[in-house]
Amino acid sequence: MSHVGSLAGLVVGWIVSTIAVWIALKIYPGKQKNESLAGAAVTALVGALVYWFFHSVFRIPFISGLLALVVWLYALRKLQGVGWLGAAALALLIWVINGIFSLFLPTIL
């Protein structure tokens, strides 16, 4: 039964992250490559996989987080067709939007 709960949590987290990425792409000036909801879903999935990989393989908290951040920024650059600063701005927007969501979602769910 716990596997079902974990899977449900993963799916809900992915949906929430997809919406956060989509909103960030709409807020960020310019036209990104994958501004659609499907593009946001792929971007959110890649981000989740990057963080999962680095946090499960490299068990040193600061180092794994730093490596994951660099790879995530690189992935944002490639997926959305922005530069390093654009990727950093998008990552910051996504982080803020997810933070705002986390204030409200526990009370809704």
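Helices in this description are DSSP runs of H or I with at least four residues, and strands are runs of E with at least two, numbered from the N terminus. The structure is a predicted model, in which local features need pLDDT of at least 70 and side-chain atom pairs count only at pLDDT 80 or more, while totals for chains, interfaces and linings use all residues. Residues are numbered from 1 along each chain as its sequence is written, and side-chain values use heavy atoms, with hydrogens and water left out.

Helix 2 comprises residues 37–57, 21 residues in total. From its first C-alpha to its last, helix 2 reaches 30 Å, close to the 30 Å expected at 1.5 Å a residue; the expected span is 1.5 Å times one less than the number of residues. Buried residues (under 20% relative accessible area; exposed is over 50% and partly exposed in between, with a 1.4 Å probe and protein chains only) in helix 2 are G39, A40, A41, T43, A44, G47, V50 and F54.

Two packed helices are described by the angle between their axes and the distance between the axes. The axes of helix 2 and helix 3 (residues 61–80) come within 9 Å and cross at roughly 155 degrees; axes are lines fitted to C-alpha atoms, for helices over the stretch in contact, and angles run from 0 to 180 degrees between N-to-C directions. Helix 2 is therefore roughly antiparallel to helix 3, a term for angles over 145 degrees, with those under 35 counted as roughly parallel, 65 to 115 as roughly perpendicular and the rest as oblique.

Contact means heavy atoms within 4.5 Å. Residues of helix 2 that meet helix 3 include V46, V50, F54 and H55, and those on the helix 3 side include S64, A68, V71 and W72.

V50 is located in helix 2 and counts as buried because its relative accessibility is 10%. Not counting residues up to four places away in sequence, V50 touches A68, V71 and W72. The C-alpha atoms of V50 and V71 are separated by 7.1 Å, with the two residues 21 apart along the chain.

S64 belongs to helix 3 and is buried, with a relative accessible area of 1%. Neighbours within four places in sequence aside, S64 is in contact with F54, H55 and F58.

V82 is found in the loop between helix 3 and helix 4 (84–108). V82 is buried at a relative accessible area of 13%. With neighbours within four places in sequence left aside, its contacts are Y28, Q32, L76, R77, A87 and L90.
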